[in-house]
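Subject: Structure handover

Hi,

Here is the structure for you to look over. My notes on what turned up follow below it.

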Amino acid sequence: MPQPRTPSRSLVKWLARIHIGVNRLSGGRVGNKMQGFEVCFVTMTGAKSGREITKPLMYVPYEDGVLLVASLGGAPRNPAWYWNVLKYPDIEVRHRRQTMDLTARLATAAEKPSLWPICDEHFPPYAEYRTLTDRDIPIFVCEPRPHR
């Protein structure tokens with residue numbers, strides 16, 4: 001199975017920092033699309049560092065929250081952010097000028113067949129990514145966190 005070429009990790013980090021900074025400075029008015037598709041900004045806790053980390057990810061609205069797809073472009077491994085959300089499932093998601101406090105959980109095998117069409121509708125390359133890897137690409141279902 002051919003492996004997709006991915007840009008260097010340092011380049012991706014540098015570009016993500018710029019993207020996040022532009023979006024924050026604009027108050028959520030700029031930087032809401034990548035490759036012509038909507039993105040959201042997910043703030044999570046680092047699994048190893050314990051630090052707050054923000055990542056731009058494809059925006060897939062679902063019920064009162066979002067779906068996060070750990071595709072890494074069809075690479076054979078999960079993205080680093082997957083491990084963060086797995087260990088610390090309480091996240092903050094910003095889309096445009098809306099902020100949501102959500103709790104993530106992995107979609108079950110029974111749920112995934114009904115979730116993939118929703119993911120593919122919002123970001124069609126996900127369908128191709130599934131053909132590029134033998135890995136079962138994880139989907140996080142992110143739902144509103146109860147107010148305490």
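Among contacts in the chain between residues at least 6 apart in sequence, 64% join residues at least 24 apart. Contact here means heavy atoms within 4.5 Å.

Some ground rules. This is a predicted model, with local features needing pLDDT of at least 70 and side-chain atom pairs counting only at pLDDT 80 or more, while totals for chains, interfaces and linings use all residues. Residues are numbered from 1 along each chain as its sequence is written, and side-chain values use heavy atoms, leaving out hydrogens and water.

Overall layout

The chain has four helices and eight strands. Both are DSSP runs, numbered from the N terminus: helices are H or I with at least four residues, strands are E with at least two. In sequence order the pattern reads α-β-β-β-β-β-α-β-β-α-α-β. Of the 148 residues in the chain, 43% are buried. Buried means under 20% relative accessible area, exposed means over 50%, and partly exposed is in between (1.4 Å probe, protein chains only). The accessible surface of the chain is about 8700 Å², and 55% of that belongs to carbon and sulfur atoms. Areas come from the Shrake-Rupley method with a 1.4 Å probe; for residues, only the protein chains shown count as cover.

Helix 2

Start with Val 85, which is found in helix 2. Val 85 counts as buried, because its relative accessibility is 1%. Leaving aside residues up to four places away in sequence, Val 85 touches Met 44, Ile 91, Ala 104 and Phe 140.

Trp 83 is partly exposed, at 48% relative accessibility. Together with Leu 86 and Leu 106, Trp 83 makes a nonpolar surface patch of about 280 Å². Patches take residues with over 30% relative accessible area and no salt bridge; like charges are joined within 9 Å, nonpolar side chains (Val, Leu, Ile, Met, Phe, Trp, Tyr) within 5 Å.

Aromatics

How many aromatic pairs does a search of the whole structure find? It finds eight. One of them is Trp 81 with Phe 140, a tilted pair at 6.0 Å centre to centre and 45° between the planes. Trp 81 is in helix 2 and Phe 140 is in strand 8 (residues 139–144), so the pair ties together parts that are 59 residues apart in sequence. Trp 81 is buried, at 8% relative accessible area. Phe 140 is buried as well, at 1%. For the terms: rings of Phe, Tyr and Trp (its six-membered ring) pair if their centres lie within 6.5 Å, and planes under 30 degrees apart count as stacked, over 60 as edge-to-face and the rest as tilted.

There is also an aromatic cluster, formed by Phe 37, Trp 116, Phe 123, Tyr 126 and Tyr 129. Over the ring of Trp 116 sits the charged end of Arg 130, 4.0 Å from the ring centre. That label needs NZ of Lys or CZ of Arg within 6 Å of the ring centre and within 35 degrees of the ring normal.

Salt bridges

The search of the whole structure finds seven salt bridges. The criterion is a side-chain nitrogen of Lys or Arg within 4 Å of a carboxyl oxygen of Asp or Glu.

Glu 38 and Arg 96 meet in one, at 2.8 Å from N to O. This pair links distant parts of the chain: Glu 38 is in strand 2 (residues 37–45), and Arg 96 is in the loop between strand 6 (90–95) and strand 7 (98–106), 58 residues apart. Glu 38 is partly exposed at 21%. Arg 96 is partly exposed at 35%.

Arg 105 has a salt bridge with Glu 111, with the closest N and O atoms 2.8 Å apart. Arg 105 is partly exposed at 30%, and Glu 111 is partly exposed at 22%. Arg 105 also meets Glu 143 in a salt bridge, at 3.5 Å from N to O. Here the link runs between strand 8, which holds Glu 143, and strand 7, which holds Arg 105, 38 residues apart. Glu 143 is partly exposed at 31%.

Best wishes
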